[in-house]
Amino acid sequence: MSSSQNSITPEKALERLQRLCAQREKCTYDLIQKLTQWGVVQNDINKIITSLKHDGFVDDQRFARLYVREKSKFNKWGPIKIRTMLSAKKISKEIIDAALSELSDEKTSENLFDLLKKKKKQIKAKNSYDLRNKLIRFGVSRGFPLDDVFEAVNRLINSGD
């Protein structure tokens with residue numbers, strides 16, 4: 001089967017992406033991946049992306065701000081994991097920094113503490129050293145800075161919760 005049979009017209013691709021972007025926020029990288037998957041040639045990809053940006057269907061700044069809020073609030077991810085995931089979507093460092101600056105340190109600390117508190121109830125640890133290590137690993141795996149994790153774990157263990 002030739003690639004021309006798998007590809008769709010640029011007009012059809014633009015129409016599909018407009019519908020997709022109207023339903024859910026997308027970033028430029030996701031749209032380029034879709035277009036490539038659909039077999040659209042690079043020249044047409046550039047034109048389609050430019051058109052989508054011009055018409056306000058895609059905006060990486062808007063996407064990054066929403067992504068940061070969603071992942072922080074609902075998934076309880078820390079700033080390191082959020083930054084990594086946005087970088088994987090080819091969002092610029094400046095846009096990521098601006099979006100992450102909207103996260104409040106208090107809310108991030110609160111998320112981390114609540115997450116560790118919930119996780120502590122599920123952990124089967126041999127002793128307090130084992131518990132501390134498991135909580136630290138968990139906090140770091142969720143994308144929180146190591147210093148913040150140490151502080152939250154110490155607060156949690158010392159509070160007796």
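My entries go from the whole chain to single residues.

**Ground rules.** I am working with a predicted model, where local features need pLDDT of at least 70, side-chain atom pairs count only at pLDDT 80 or more, and totals for chains, interfaces and linings use all residues. Residues are numbered from 1 along each chain as its sequence is written, and side-chain values use heavy atoms, with hydrogens and water left out.

**Overall form.** I found ten helices and zero strands in the protein chain; helices (H or I, at least four residues) and strands (E, at least two) are DSSP runs, numbered from the N terminus. The radius of gyration is 21 Å, well over the 15 Å that the globule rule gives for 161 residues, so the chain is more spread out than a compact globule. That radius is taken over C-alpha atoms, and the rule is 2.2 Å times the number of residues to the power 0.38. Along the principal axes, the C-alpha atoms fill a box of roughly 65 × 35 × 25 Å.

**Burial.** I noted that 34% of the 161 residues count as buried. Buried means under 20% relative accessible area, exposed over 50%, and partly exposed in between (1.4 Å probe, protein chains only).

**Serine 72.** I located serine 72 in helix H5 (residues 60–73). Serine 72 counts as buried because its relative accessibility is 5%. Beyond its neighbours within four places in sequence, serine 72 is in contact (heavy atoms within 4.5 Å) with Trp77, Ile82, Leu103 and Asn111.

**Leucine 146.** I found leucine 146 in helix H10 (residues 146–159). Leucine 146 has 43% relative accessibility, so it counts as partly exposed.
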